Amino acid sequence: MSGPTEPSRGGRSGLRSVGLPTLDQQDDEELIRRVARGDTSAFEVVYQRYAPRILGLVRRVLRDPAQSEEVAQEVLVEVWRLAARFDPAQGSLRAWVTTMARRRAIDRVRAAQAADARDVAAAAAQHTPDFDQVSESVEIRLEAERVRHCLGGLTGLQRESIELAFFGGYSHREVSDLLEQPLGTIKTRLRDGLIRLRDCMGVA
Amino acid sequence: MVDEDHVMTGVYALDAVQDDLERRTVALHLAGCAHCREEARSLRETAAMLAADAALTPPASLHDRVFEQIARTPQEPPLPVIHPAVAELSLARNARHDSGRGTGRGAGRATRWVAAAAAVVILGGGGLAAYGVVQLDRARQAQDQASRLQSQTDRVLAILGDPAARRATVTATGGGTATLYTSGSQAVLLAAGLPRLPNGRAYQLWVVRPNQVVSAGLAPSTAAGGQAWNQLVTGVGRGDAVAISVEPSTGSAQPTTTPVAVLKA
């Protein structure tokens with residue numbers, strides 16, 4: 001509890017209100033620029049913002065908790081290593097890390113499929129899963145809420161197609177086989193489903 | 001009406017393409033369609049938000065491992081940014097300089113041309129080694145068609161060295177620049193930074209006249225690999241335009257895609 005005996009605290013918050021943004025108020029672009037210069041405290045904020053999404057996404061794709069943590073670690077270290085190559089003209093930091101995480105996770109699934117399936121199953125069975133905790137970040141939970149609300153506005157086929165492609169890592173052809181729908185229909189549903197999501201979520 | 005290529009923005013945004021070839025084919029379509037490019041971008045941002053729905057609280061051990069690992073992981077430097085226009089300008093300056101002195105002729109001028117290319121390479125940080133000129137120089141040494149290429153080289157140099165040559169430059173759709181120097185009825189097209197093309201595709205040049213479009217030949221095959229190139233274009237009249245489009249590598253009789261660059265001669 002802070003009280004009148006701690007004047008310094010009041011002073012700091014006073015400073016903040018004058019308009020010096022703290023690191024965790026910086027936008028993604030500024031943060032990643034700092035990370036590119038080797039700033040680990042900026043990377044800490046990036047970690048807080050994106051580690052839950054990266055881990056969650058990888059886990060949804062891979063299922064296996066131990067492998068998911070490994071892949072999430074690889075992705076986060078990659079964000080650190082390649083920070084200087086992030087180009088805001090190509091898209092947001094969120095899109096950059098998400099693409100990276102998804103590709104890595106899918107690569108891992110394909111590698112596992114190519115390896116002896118029994119080994120993979122054995123490795124998965126050996127791991128004692130931690131109980132999964134939904135992210136407690138308010139920002140992420142609000143975003144998740146919005147995503148769920150907007151996914152609810154899609155047709156079943158739109159939603160299935162998008163989820164299979166995004167989380168399942170399936171190509172449009174595979175989605176078409178899985179859902180037994182013509183390829184052209186799947187391509188169209190992926191597009192119009194995403195457009196509806198975009199408009200619902202107000203993505204610029 | 002949404003055509004077959006355009007509908008691929010969703011697939012592309014979700015990275016649900018069949019293979020790398022298809023990814024590049026879609027990218028090529030996007031390169032020629034600003035509206036599709038913008039749509040793909042916004043859909044990719046939308047897809048990225050789906051991850052929020054899956055978010056989990058990472059265990060503290062993950063934080064420790066990541067920070068332990070980054071402490072001993074060096075960071076990559078930014079990719080060198082080479083603006084083709086910079087190189088192209090310096091090249092043009094050199095060419096003009098040559099002609100200004102009035103001594104440029106034959107092999108002497110070609111040597112300086114190659115020297116200019118070398119300067120451009122240094123200026124551009126090494127990424128421009130392919131700036132067309134190198135191919136010109138190599139071409140001169142080729143066994144067959146040597147004399148034809150020699151005379152082409154001379155014509156290219158003559159046009160670039162003509163202080164009265166008209167110059168037009170545009171940013172190509174999909175990136176890169178194309179510059180046209182026109183002198184009389186001949187022109188030289190310099191292209192740098194144009195996107196790589198999938199197998200089986202090539203850049204083709206066209207002379208666009210008021211009521212007809214005539215092929216001016218395929219760009220060198222290295223152009224499809226993303227290298228810079230130059231090409232002599234003949235039979236260019238006042239008011240004509242020179243265009244570049246993406247065609248099957250066997251060439252087309254008439255353009256089959258929207259041009260990536262159109263330059264007034």
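**Figure 1. The side chains of B:T256 and B:E247 meet in a polar contact of 2.5 Å.** A polar contact here is a pair of N or O atoms within 3.5 Å; within protein, one atom must be able to donate a hydrogen and the other to accept it, and residues adjacent in sequence count only if both atoms are side-chain atoms. This is a predicted model, so local features need pLDDT of at least 70 and side-chain atom pairs count only at pLDDT 80 or more, while totals for chains, interfaces and linings use all residues; side-chain values use heavy atoms, with hydrogens and water left out. Residues are numbered from 1 along each chain as its sequence is written, and chains are lettered from A and ligands numbered from 1 in the order in which they are written.

B:T256 sits in the loop between β7 (241-248) and β8 (261-264) of chain B. Helices (H or I, at least four residues) and strands (E, at least two) are DSSP runs, numbered from the N terminus. With a relative accessible area of 54%, B:T256 is exposed; the label means over 50%, whereas buried means under 20% and partly exposed is in between (1.4 Å probe, protein chains only). Skip the neighbours within four places in sequence, and B:T256 is in contact with B:V246, B:E247 and B:P248, where contact means heavy atoms within 4.5 Å. Look for B:S245 too: B:S245 and B:T256 are 11 residues apart in sequence, and their C-alpha atoms are 8.0 Å apart in space.

**Figure 2. Chain B as a whole has 8 helices and 8 strands.** Of its 265 residues, 47% count as buried. Take the contacts in chain B with a separation of 6 or more: 59% of them come from residues 24 or more positions apart.

**Figure 3. Chain B meets chain A, with 51 residues of chain B in contact with 69 residues of chain A.** The size of an interface is often given as the accessible area lost when the parts come together. Here chain B and chain A bury about 5,500 Å² between them, 62% of it on carbon and sulfur atoms. Buried area is the accessible area (1.4 Å probe) that two parts lose on being put together, summed over both. On the chain B side, B:M49, B:L56 and B:Q75 lose the most area to chain A, together 13% of what that side buries.

Figure 4. A salt bridge is a side-chain nitrogen of Lys or Arg within 4 Å of a carboxyl oxygen of Asp or Glu, and the count between chain B and chain A is 6. There are also 26 residue pairs in polar contact across this interface (both at pLDDT 80 or more).

Which elements give two or more residues to the side of chain B that touches chain A? They are α1 (8-13), α2 (20-31), α3 (34-49) and α4 (60-70) of chain B. The largest share, 10 residues, comes from α3(B). Sorted by class, that side has 28 nonpolar, 12 polar and 11 charged residues. Ala, Val, Leu, Ile, Met, Phe, Trp, Tyr, Cys and Pro count as nonpolar, Asp, Glu, Lys and Arg as charged, and the others, Gly among them, as polar.

**Figure 5. A:C150 and A:C200 form a disulfide, with sulfur atoms 2.0 Å apart.** A disulfide is a pair of cysteine sulfur atoms within 2.5 Å. This one links distant parts of the chain, 50 residues apart: A:C150 is in helix α7 (residues 138-151) of chain A and A:C200 in helix α10 (residues 183-201) of chain A. The torsion about the S-S bond is about -75°, so the disulfide is left-handed. A:C150 is buried, at a relative accessible area of 3%, whereas A:C200 is partly exposed, at 38%.

Figure 6. A search of the whole structure finds 2 disulfides over all chains. For B:C33 and B:C36, the S-S torsion is about 70°, so the disulfide is right-handed. Both cysteines, B:C33 and B:C36, are buried.

**Figure 7. A:R63 has a positive phi, near 75°, in a residue other than glycine.** Find A:R63 in the loop between α3 (40-62) and α4 (65-81) of chain A. A:R63 counts as exposed because its relative accessibility is 64%.

**Figure 8. A:E180 is a residue other than glycine with a positive phi, near 50°.** A:E180 lies in the loop between α9 (172-179) and α10 of chain A. Its relative accessible area is 71%, so A:E180 is exposed.
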